[in-house]
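Please look over the sequence and the model before reading on.

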Amino acid sequence: MTHRFVSSVRHSSNAGNNLSISSGVREALAALLRLVRGKGPAAKIGVALGGGFARGIAHAGVLEVLERHRIPIHCVTGTSAGAIVAAAYASGVKPSEIARVGCSMRFQDVARWSLGRMGFVASERMQGFLEKLLRVYRFEEMRIPLGVVATDLASGRPVDFCGPGDVFLPIRASCSYPGLFRPVRQEGRLLVDGAIGMEVPAALARRLGATHVISVYLPMLESDVFPRNMFQVVNRCFQILQSRTEKDWRAASDLVIAPDVREMAWDGFDRGMEMVKAGEVAATVALARLPGSLLAENREPSGGMPATGRPPRPSPVPIHAPSAQPPAEPSR
């Protein structure tokens, strides 16, 4: 695995004080951007989008800023709500359109209340929603490589989907929040929300060829107050499980952007524009802390996504950085 090219970023109300980049890491980042610029073997940037149900609308704001700075994205991966946004982006939908759809959608657009032994909600409606949102429906047809993560309910392990095949079942499985949505059956397995097995699919982005990974993490509000209903109990269980996989996905990430959406409800679609703005702010803070000359070198004339077809896939190129570890993030 390549050395890290920048310390992780956490965005909060004092995010400006939470990002520190050592001189050695700056040199490594400069090397990366020279490669992306074409002055050496190509580096490939992957974007990994974490789960968060309605809070996933914030991903559109992050992608908008990356496109605004013309950061070339080689591949995109997602889990749970991040899987929907990742599939839309990989299929060719612009971040502004993803934001518009996300802000106008409601729970009933993707789910139907239907009491059953394994859940209260059926997710078949999600396919119709995806058919309207996506430009293409199969992994091999995506304009850039796409990866989706679900969780095997029996083994507890992440299940990676990156094709060939249609994206509908993997995305439905990745969004099947246990205790609410019914699990999705696939080849003798029961699949549930990908965030249980891996909160942010950074490692999958590397499997798809990324040499450097930008991870987008959507934090939930932590509280010492006892849960008041079943859904709050399940939500707290998610927080506990995700804290135990956090070390793994951070180890596979080079840059972590965390939009401040902690105050947003899991179904807070009516606050969609606030979440888009939170994503934009977090990404802007991250990029603004990088040297301006480096961002200028990294810009692509045609934007972050190729117009047609898949991008070329040269062999990964290691970026040599000092062995010193980047400064630790403040605990959340």
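Is glutamate 97 buried, partly exposed or exposed? Its relative accessibility is 26%, so glutamate 97 counts as partly exposed. Keep in mind that this is a predicted model.

**Salt bridges**

Glutamate 97 has a charged partner. It forms a salt bridge with arginine 100, and the closest N and O atoms are 2.8 Å apart. Both residues belong to helix 4, three residues apart, which is about one turn of the helix.

Three of them are set out here.

| Pair | N to O distance |
|---|---|
| Lysine 94 and glutamate 67 | 2.7 Å |
| Glutamate 97 and arginine 100 | 2.8 Å |
| Glutamate 280 and arginine 68 | 3.8 Å |

Take lysine 94 and glutamate 67, joined by a salt bridge. Lysine 94 sits in the loop between helix 3 and helix 4, and glutamate 67 sits in helix 2 (residues 58–68), so the pair ties together parts 27 residues apart in sequence. The two ends differ in setting. Lysine 94 is partly exposed, at 45% relative accessibility. Glutamate 67 is buried, with a relative accessible area of 14%.

Glutamate 280 and arginine 68 also meet through their side chains in a salt bridge. Glutamate 280 belongs to helix 10 (residues 272–288) and arginine 68 to helix 2, so this pair ties together parts 212 residues apart in sequence. Here glutamate 280 counts as buried, at 19% relative accessibility; the cut-off for buried is under 20%. Arginine 68 is partly exposed, with a relative accessible area of 48%.

How many of the 11 residues of helix 2 are buried? Nine are, so helix 2 is largely enclosed by the rest of the structure. Among these buried residues are Ala58, His59, Gly61, Val65, Leu66 and Glu67. Several elements cover them. The cover includes strand 1 (45–49), strand 9 (212–216) and strand 10 (255–257). Helix 3, helix 4 and helix 10 are also included in that cover.

Leaving aside neighbours within four places in sequence, leucine 66 is in contact with Val47, Ile71, Ile73, Ile214 and Leu287.

**The nonpolar cores**

In soluble globular proteins, nonpolar side chains tend to be buried together. The largest nonpolar core in this model has 77 residues. Val47, Leu66, Val76, Leu146 and Ile171 touch the most other members. Helix 3 gives the largest share of this core, eight residues. There is also a second, separate core of 14 residues, which includes Ala48, Val200, Leu208 and Ala252.

**Cavities**

Rolling a probe the size of a water molecule over the atoms shows where empty space is left. How many cavities of 30 Å³ or more does the structure hold? It holds two. The largest cavity has a volume of about 260 Å³. Its lining is made up of 19 residues. Phe53, Ala81, Ile84, Met105 and Phe269 lie nearest the centre of this cavity.

The largest share, four residues, comes from helix 3. The lining residues divide into 17 nonpolar, two polar and no charged.

**Backbone details**

Arginine 70 has a positive phi of about 55° although it is not a glycine. With a relative accessible area of 30%, arginine 70 is partly exposed.

Glutamate 187 likewise is not a glycine, yet has a positive phi of about 50°. Its place is the loop between strand 7 (184–186) and strand 8 (189–192). Glutamate 187 is exposed, with a relative accessible area of 71%.

Which form does the peptide bond from glycine 163 to proline 164 take, cis or trans? The bond is cis, with omega near 0°. Proline 164 is in the loop between strand 6 (158–161) and helix 6 (168–174).

Methods: Residues numbered from 1 in each chain as written. Predicted model: local features only at pLDDT ≥ 70, side-chain atom pairs only at ≥ 80, totals over all residues. Heavy atoms only, no water. 1 Å grid on protein atoms, 1.4 Å probe; cavity = no way out; pocket = protein on both sides within 12 Å on 5 of 7 lines; lining within 4 Å. Points joined across faces, edges and corners; volume = space filled by probe spheres on them. Helix = DSSP H or I, 4+ residues; strand = E, 2+ residues; numbered from the N terminus. Nonpolar A, V, L, I, M, F, W, Y, C, P; charged D, E, K, R; others polar. Salt bridge = Lys/Arg side-chain N within 4 Å of Asp/Glu carboxyl O. Buried < 20%, exposed > 50% of the residue type's maximum accessible area, 1.4 Å probe, protein only. Core = buried A, V, L, I, M, F, W, Y, C linked by side-chain atoms within 4.5 Å. Contact = heavy atoms within 4.5 Å.
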